[in-house]
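Please look at the structure below, and then work through the questions and answers that follow it.

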There are 2 protein chains.
Amino acid sequence: MADGPALLTAAVGGERRALARLLTGIENQDPAFRELLPRIFAATRGAHLVGVTGPPGAGKSTLVTALTREYRTRGRRVGIVAVDPSSPYTGGAIMGDRIRMMEHAADREVFMRSMASRGELGGIAATTWLVAAALDAAGYDPVLVETVGAGQAELEVARLAETTVVVEVPEMGDEIQAIKAGLLEVADVVVVNKADRPGAERSARQLRAMLAGAGGRFAAPPPILLTVATTGDGIGALVDAIEADRERARSADRALARARNQLLRAVAERSRRRAEARAEWEATVAEIAEHRLDPITAADRLLGK
Amino acid sequence: MADGPALLTAAVGGERRALARLLTGIENQDPAFRELLPRIFAATRGAHLVGVTGPPGAGKSTLVTALTREYRTRGRRVGIVAVDPSSPYTGGAIMGDRIRMMEHAADREVFMRSMASRGELGGIAATTWLVAAALDAAGYDPVLVETVGAGQAELEVARLAETTVVVEVPEMGDEIQAIKAGLLEVADVVVVNKADRPGAERSARQLRAMLAGAGGRFAAPPPILLTVATTGDGIGALVDAIEADRERARSADRALARARNQLLRAVAERSRRRAEARAEWEATVAEIAEHRLDPITAADRLLGK
């Protein structure tokens, strides 16, 4: 990232290698990239930022592959950010999913980036959306952001999307049911995938009832679609529904809600970095470890007046 | 919380109603409680803080019930904090789990608190461990913290425990496999629950191999135990393993790692609250929404020099 501006210019001009290096700089939070941020934002072209989330086993990767295929037939250039939980152990399992994307590996109009969620709470959400902004600047539209797992951090990533697609599957246990329900809160479009399984229609009906009972957030409840990602069934209608949400997503209140979330994440991330850089950081940690100080009082002291 | 100090004194003295009100003040982040924090920390008695986490469907609630039963036979007073993903929809599913705890509802030596994870990233981890500290001050030991779900936020909650028990189950799909692997990173004790199912021994062997291959973090790999929470099989040995970890958990480096995490969470939470209280907050959000400013530059401006 010695020459950030030149790299950005090359990436915007369509050089894939420059784009890859730029994304690495963003992901590593390279200090040189810090100054590049306003330029990246100025270079964005208004791509549709689409989040895809859902409980484990819902078939999100396969669905993203199917969506990519459909967008390609419509002549769109597709950016993909896959957020994976990082672990020294996970390489295998996640790579399995990634292999499914090989179908698009030779297609120069598709750019895919896998990102590890490094356990820095809050950090991943901010970084993901900077990577998405860079893909936007490089001319990809839509940019699909897929999260693995369905915890709070993944919800936060999804919440930063313009249009959030929540993928559900028929017939899951009680606890998955709770996760599903939590996910509905961020849904702009709901998909019941693996709809060739028994119970798909019933699942869709249950989801419709849950959404109708919720009130408030849903002036118009999100559409619920049935898909079979492995065969492509229902994918055309799903892309139509996502496209239909694009303008709604750009209404003033949805834009403000997204901006508020982005700013909250960024404040948390930056303040943590600053606190860790303070000379008294280690001594403060030791005071807490020895139970001489509670963490909240300590944080207030570090943050000053 | 008009009279916080009196409430704390009553709670420490064993009044359950006072304790419940104190916990509500903590959970709501009542400003009056803010001043009470150093007193709560000063009143803690060194309870063993035990986190219980694992993928959906692993039977964590049932295991916590079985652990509670075993600790009670050993004459211990047990505090339980159950962190639930909050949602307007989830009441039913989670309440189902809570009903299983009814067994201990009449036992005055068991105190259980359910907490909603309100989607405030970072906030839940800090608050959970303040609630645990209050239970410690009120004389409960151990304090068991159970998280529903297995996302990043739940991992953070688990990481703040002194001893983290990771619950796995035999035979799960690929994506769950990845989540399992991520969880192993925070494990001090690993449990293969539902060990009456086929494949339990094989799962335990696989886990052992994964842990052996990891190196680094695990000077001594965590013990792996088989349990059937519904029948109580293996629960005595599990409590023995948790107890054996108690002293190890209090070594200087584990205490420092915990304190560092607590402080990071608290810094993020407090700085967010401060930023939102700034007069220029709304105008800054609007600038981001209109793409005139990127969130990170905005955060730096709000945080000042």
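Q: Which residue of β5(B) does V52(B) stand opposite?
A: This is a predicted model, in which local features need pLDDT of at least 70, side-chain atom pairs count only at pLDDT 80 or more, and totals for chains, interfaces and linings use all residues. Residues are numbered from 1 along each chain as its sequence is written, while chains are lettered from A and ligands numbered from 1 in the order in which they are written. Strands (DSSP runs of E, at least two residues, numbered from the N terminus) pair if DSSP finds at least two bridges between them. β1(B) and β5(B), residues 163-168, pair in the parallel sense over four bridges, and the residue opposite V52(B) is V165(B).

Q: Which residue of β4(B) stands opposite G51(B)?
A: β1(B) is also joined by four bridges to β4(B), residues 143-147, and these two strands run parallel. Within this pairing, the residue that stands opposite G51(B) is V145(B).

Q: How many residues of β1(B) are buried?
A: A residue is buried if 20 or more other C-beta atoms, placed from the backbone, lie within 10 Å of its own. In a regular strand the side chains alternate between the two faces of the sheet. In β1(B), L49(B), G51(B) and T53(B) point one way and V50(B) and V52(B) the other way, and all are buried. The strand, residues 49-53, is thus mostly covered, and the number of its residues that are buried is five of five.

Notes
Buried ≥ 20, exposed ≤ 12 C-beta atoms within 10 Å, placed from the backbone.
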